[in-house]
Amino acid sequence: MDTRDTPEQAELRRAARQLASRLGPATVADLADETRAKRLAVAVRDAGWLELRDVGQEGPPLAGGVEVAIVADALGAAVGDVAFAGPVLARDLARRAGATAMEGSVVGFSSPLRDAALVTGAVTASPIFGVDAGDGIVAALVLVPDAEGFRLAQVRGERTGGPTTATDLTRNVRVIPAGTPVHAIAGQTRRLTRDDLAQWSALGLAVTSADLVGVMRGVLDVTVAYASERRQFGVPVGSFQAVQHLLADAHCLMEGSLSVALHASWSVDNRSPDDACEAGRIAKAYCARAARTVCETAVQVHGGIGNTWDCVVHVYLRRALLSSQWFGDDAAQLAELQELRLGATRGLS
Amino acid sequence: MDFRDSPAEAEFRDRLRAWLAANNPGLPTSSTDDEYWARQAEWHTALYDAGFFGLSWPARFGGHDLPAVFDVILDDELAAAGAPPRPSLGYLVQGISTHGSNAIQERFLPGLISGRERWCQGFSEPDAGSDLASLRTTATRDGDEYVIDGHKIWTSYSDVADWCLLLARTDAGSAGGGAASPHERVPKHKGLSAFAVPMQQPGIEQRPLRMINGITNEFGQVLFDGARVSAANMIGEPGEGWRLAMTIVSHEREPGELGYVARYAKTVRQLEENVCADPSAFRRDQCEAVSWAYVQTEMLRLHVCRRLSERLDGVDHGPGGSIDKLLMTWVEQSVGSAALAVSGARAVTDGDDEALKVYLYSRAQSVMGGTSQIQKNIVATRILGLPTV
């Protein structure tokens, strides 16, 4: 047992953090800087990070859940406005079906973004949400029941709205309306099993948890710096115990979240699909609750300015809201854990 | 990153599991029962004699020279077997090995680790709680001995202890009690020294304290009235007591050192079994409290894995123990709340209700070993670097 990064993981962590903080938006105004955002997207693509879950030489993916989580954590901390988890999750699912996801593909989710969308007809019956799609036309992968398992199909959506129309100002959620045609994807060599989907969900839970850990670290850095500078009553507000204790609580929540998220990311490829999924649910339940508290603390410590659009903390809060909801928030995970461990049913009063 | 057991760890786990299957004493849940505290010494020696205690401590003192992550396995298996947690005295071992001379270490560590000699810790006083440095107990030199006078409180297991690791004022010029005086010659934390004081002697009076959950065997007050200790029993140099105390309290804050995860995991498992026996008898909010306690306990288990792994390259956490203490406190109190939630009305109609006792005991966690408020001060100023005025 040794939960430390390997030298390669430590190097990836260092490189990802450096790249994300260099090219991510430091201010709300930076979000409008398309040149910067483009450079970030190119850098992420050129680093090969979108291909981390593509098929390797022996069949398993090129990199593990740990490496995906390391990049997600770095992008979360810098509120990186670049598609990463969306494309990686699509490519992971495509690999499991023995197919290749076309560039720009993400997985289509049904509301409330907990599960991959299930489609049975020739056209979609309800809206499908493509989470963390990049710019341009999006193809959303959906599941079609097939004998004992599932095969993949895709629905295509046009670009709808600019980045600022979404809740999360750093990642898009594209809505593909009901009635959109469902296209088959040629060349699938495997039917997806329940285990495939469990393992894929475990990856989704781990990567969204890691993103939340990054968001917490990033927003705390910003907030501690602000509390050290902002003066009232002739002293920095960060010298008041009332403020110090809020930030100390937040820091502890971030540290606990990191511990539980690391384990979830390692579990993806190293434990049974069900165990990996449970590890993901535990991590997500903890991180989602923690991130909500930490981001709300950040808004509070920033005072009046923290409640304005131009202060960067709401960018973190908004990103946390999407990462929490995606694959299910804390309440959803606790409900799953109750069903799993206590025999309590979803319909319980 | 690898959470799996190495071959040596797996072998250890198998051996431990087999031993526990045959040697679980079936004691009541710790913290809620006088019988547990009464029989804790037996459990300590049984665990030690079987080779499962003091894993990361030096072999020459009775330990096993293993990496600290073996304690994760120990805690896992104790919880899974429903066995009592390991004795929580790692912080005393750390204090004595960091500050004690070779002679002191050789004299005291083997008995402490094996459980043949029992210890308590005399730090807090009625007027020196969070402000520990203002303690007023004195140790006055008299030939080859020191004479101890003072009043210690919150002293766990003092009634069964052979030795007390005592913090006392040896420099009469240093000021204890209340505000620093302008005429103070030595700052109040500089005149303190530490001793191993024998507890079985006429100058010591025990006064047990009953805790809010009714336990009487854990907590006590100790009055020293002319008690004597050999000068050779001083741990560290004269005036080194404050540094020793800081070593001890920083380790006393680490769940990896205390092994409490096993206790929380055991309680959560019992709560889950209660609910599983008849899920329809429990409301959604009761189930949610149990699931949240499970999530919290898993978080702490994994956090301890991470912290003890970091020790593989000798990282010394310094103030990081305060983070771990706060996390541990939240976990214990969420487990306590879950127990109360599951118990429902029984907790108020039956004063002996086990869940009520678990809940009441959990409230002490945010005070013992340094209050949560003190831990937050440390995190804010020493880790986050927030300004002090």
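## Chain A: overall build

In chain A, 73% of the contacts with a separation of 6 or more join residues 24 or more positions apart. This is a predicted model. Chain A has 349 residues, and 55% of them count as buried.

The secondary structure of chain A comprises 9 helices and 8 strands. The radius of gyration of chain A is 20 Å, close to the 20 Å from the globule rule for 349 residues, so chain A is as compact as a globular protein of that length. Along the principal axes, the C-alpha atoms of chain A fill a box of roughly 70 × 50 × 45 Å.

## Where chain A touches chain B

The two chains are in contact. Chain A brings 43 residues to this contact, and chain B brings 44 residues. On the chain A side, five elements each supply at least two residues: α5 (194-229), β8 (235-236), α6 (241-270), α7 (273-301) and α9 (330-342). The largest share comes from α6(A), with 16 residues.

What classes of residue make up the side of chain A that touches chain B? There are 20 nonpolar, 17 polar and 6 charged residues on that side.

## The domains of chain B

Chain B is divided into three domains. Domain 1 covers 7-96, domain 2 covers 118-239 and domain 3 covers 250-383. The centres of domain 1 and domain 3 of chain B, taken over C-alpha atoms, are separated by 19 Å.

Domain 1 and domain 3 of chain B also touch. In this contact, 19 residues of domain 1 meet 23 residues of domain 3. On the domain 1 side, two elements of chain B give two or more residues: α3 (70-81) and α4 (90-99). The largest share of that side, 5 residues, comes from α3(B). By class, the domain 1 side has 8 nonpolar, 8 polar and 3 charged residues.

## Helix α4 of chain B

Helix α4(B) gives residues to the side of domain 1 that touches domain 3. How many of the 10 residues of α4(B) are buried? The count is 7, and the helix is mostly covered. The buried residues are G90(B), Y91(B), L92(B), V93(B), G95(B), I96(B) and H99(B).

Several elements of chain B cover these residues. Among the helices are α5 (102-114), α6 (241-252) and α7 (255-258). The strands β1, β4 and β8 (234-235) of chain B also take part.

## Strand β4 of chain B

Strand β4(B) is one of the elements that cover the buried residues of α4(B). Is β4(B), residues 163-169, itself enclosed or open? In β4(B), 7 of the 7 residues are buried, so the strand is largely enclosed by the rest of the structure.

In a regular strand, side chains alternate between the two faces of the sheet. From β4(B), W163(B), L165(B), L167(B) and R169(B) point one way. C164(B), L166(B) and A168(B) point the other way. The residues pointing both ways are all buried.

## The partners of β4

Strand β4(B) pairs with β1(B), residues 119-122. These two strands run parallel and are joined by 4 bridges. Strand β4(B) also pairs with β5(B), residues 192-198. Here the strands run antiparallel, and 7 bridges join them.

G122(B) stands opposite L166(B). In β5(B), F195(B) stands opposite L166(B).

Notes. Residues are numbered from 1 along each chain as its sequence is written. Chains are lettered from A and ligands numbered from 1 in the order in which they are written. This is a predicted model: local features need pLDDT of at least 70, side-chain atom pairs count only at pLDDT 80 or more; totals for chains, interfaces and linings use all residues. Two residues are in contact if their C-beta atoms, placed from the backbone, lie within 7 Å. Ala, Val, Leu, Ile, Met, Phe, Trp, Tyr, Cys and Pro count as nonpolar, Asp, Glu, Lys and Arg as charged, and the others, Gly among them, as polar. The radius of gyration is taken over C-alpha atoms; the globule rule is 2.2 Å times the number of residues to the power 0.38. A residue is buried if 20 or more other C-beta atoms lie within 10 Å of its own, exposed if 12 or fewer, and partly exposed in between; C-beta atoms are placed from the backbone. Domain bounds come from an automatic or database domain assignment. Two strands pair if DSSP finds at least two bridges between them.
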